[in-house]
Amino acid sequence: WLKGSSTLILSRPQHSQFMARTTCFAGAKVCLFAAVASTSCSFTWLRGTSSHTQRSIFAGRTLRGSKMGSANPQGLAAGKDEVNSEEKSLLVLGGGVIGVSIAYHLALRGVKVTLVDRAGIASCASGKAGGFLAKDWNDGSPVGALTRKSFDMHEEVAKTLGLKSYRRLKCQGVAVDGSGSKPAGAKLTNLEWSDLGIQGSRLMGDETTIAQVHPKELVDAMWSYAEGKGSKFMQGVVEGLLHDTANGEKRITGVLVDGQTIGADAAVLCMGPWGQVLQEAVPGCPMLGVKYHSVLMRSGRVLNEAVFFSGLGDPEVYPRNDGDTYVTGFPDPPRPVQEVPGKVEVREEVCQRLVDTMKKVSSEMDGADVKTKQSCYLPFTTDSMPCMGLAPGHSNTYVATGHGCWGILNSLASGLAMSELIL
């Protein structure tokens with residue numbers, strides 16, 4: 001994980017257990033390839049050795065005359081035509097960062113959607129995550145190029161949407177023993193605020209490869225743009241998919257929401273760990289949730305160094321530029337999620353453990369105020385790879401879910417790629 005540390009090994013068990021391997025839908029050796037090194041992205045499903053021909057729901061539609069020039073900061077391909085989708089009904093099921101990113105990138109192309117979510121926009125992990133962004137930590141994995149593309153897009157989108165929370169910062173890996181004692185000399189060199197029980201440290205990234213954004217601000221801003229272009233939000237419980245069959249493939253005709261049928265020319269499933277509807281469409285892609293707790297602490301100043309601790313349960317700390325310090329760790333084991341979206345239980349003992357741990361690694365945090373206690377589920381597939389693309393055996397049902405602990409990071413390139421796939 002730390003790419004060749006020689007003496008001090010700082011392991012990342014929380015994230016490494018979910019590191020990418022291979023993908024994903026039933027029988028597929030590799031699900032998708034992302035041409036993310038260029039300005040634009042595209043995904044293609046592979047089934048065995050033969051590729052699946054993508055058929056856009058907007059194929060043959062008239063195009064609006066306006067061109068999107070090469071200076072387009074959202075990463076759209078130069079000269080990409082804007083699609084006239086006024087007669088098509090596209091449903092995005094799930095109001096987290098992935099679903100909203102898809103809606104946002106479709107809105108950039110003139111496509112309106114109806115977004116359906118039980119609890120609201122960014123009501124679950126996308127509103128409670130840390131927003132930590134690392135450019136090269138997925139290098140060598142199947143999502144390495146996707147991550148690099150998305151990392152760069154975050155700065156562009158932050159400028160375009162005027163996000164105040166986006167910034168670059170450093171990240172340290174710090175080994176601690178829990179003694180609470182302050183070491184002398186070199187062990188504290190280059191550490192900004194962690195100063196108790198330090199056994200050693202290593203720079204994991206600087207301002208060229210590490211950034212952060214408040215995920216709620218990002219999601220709200222993207223949805224505000226999409227809504228301003230005509231997209232609509234519908235609050236309700238997605239209960240099932242309605243479809244017919246033609247030429248051996250299923251074609252979605254509508255979605256059942258709170259007992260009401262909502263017509264659809266296409267649908268995108270982005271419901272995170274709540275995978276019952278996804279299982280209906282793609283039985284070979286079960287979803288699991290990993291529950292994380294987090295606390296927001298305020299020490300009285302803005303800190304500029306994220307820290308991944310090794311020891312004391314390996315907590316992770318992401319200071320924000322508004323003075324909040326986001327602390328997370330101690331995840332539950334992966335499991336099917338039964339809790340209701342927007343009503344996930346917050347366990348006091350886990351939050352208190354996070355607070356107590358901070359007091360053992362930083363004298364500055366010993367007197368910090370605890371502002372917020374919260375929890376959320378991160379969505380994982382059984383092999384920890386995101387599921388993205390046209391669902392096998394379906395002509396107009398798309399899937400984008402399972403981004404795990406890198407959902408905020410990879411959301412922008414994922415949304416861009418899915419928008420191109422759909423169109």
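Which residues does R251 touch, not counting residues up to four places away in sequence? They are L242, H243, D244, S395 and N396. Keep in mind that what you're looking at is a predicted model.

**The chain overall**

- The chain has 423 residues, and 57% of them count as buried.
- If you take the contacts with a separation of 6 or more, 73% come from residues 24 or more positions apart.

**Helix 2 by itself**

- Helix 2 covers residues 97–108, and its twelve residues reach 16 Å from the first C-alpha to the last, close to the 16 Å expected at 1.5 Å a residue.
- This helix is mostly covered, with twelve of its twelve residues buried.
- Among those buried residues are G99, S101 and H105, along with I98, I102 and L106.
- After helix 2 comes G110, and its phi is positive, near 85 degrees.

**Helix 2 against helix 5**

- Two packed helices are described by the angle between their axes and the distance between the axes.
- For helix 2 and helix 5 (residues 215–228), the angle is about 35 degrees and the axes sit 8 Å apart.
- The crossing of this pair is left-handed.
- On the helix 2 side, the contact is made by V97, V100, S101, A103, Y104, A107 and L108.
- Helix 5 brings L218, V219, M222, W223, Y225 and A226 to the contact.
- Sort the contact residues by type and you get twelve nonpolar, one polar and no charged.

- R251 is found in strand 14, which runs over residues 249–257.
- R251 and A264 are 13 residues apart in sequence, and their C-alpha atoms are 9.8 Å apart in space.

**Cysteines**

- How many disulfides does a search of the whole structure find? The count is zero.
- C171 has a relative accessible area of 0%, so C171 is buried, the cut-off being under 20%.
- C387 is also buried, with a relative accessible area of 0%.

Note on methods:
Residues are numbered from 1 along each chain as its sequence is written. This is a predicted model: local features need pLDDT of at least 70, side-chain atom pairs count only at pLDDT 80 or more; totals for chains, interfaces and linings use all residues. Side-chain values use heavy atoms; hydrogens and water are left out. Axes are lines fitted to C-alpha atoms, for helices over the stretch in contact, and angles run from 0 to 180 degrees between N-to-C directions. Helices (H or I, at least four residues) and strands (E, at least two) are DSSP runs, numbered from the N terminus. A crossing is left-handed if the near helix is turned anticlockwise from the far one by less than a right angle, and right-handed if clockwise. Contact means heavy atoms within 4.5 Å. Ala, Val, Leu, Ile, Met, Phe, Trp, Tyr, Cys and Pro count as nonpolar, Asp, Glu, Lys and Arg as charged, and the others, Gly among them, as polar. The expected span of a helix is 1.5 Å times one less than its number of residues. Buried means under 20% relative accessible area, exposed over 50%, partly exposed in between (1.4 Å probe, protein chains only). A disulfide is a pair of cysteine sulfur atoms within 2.5 Å.
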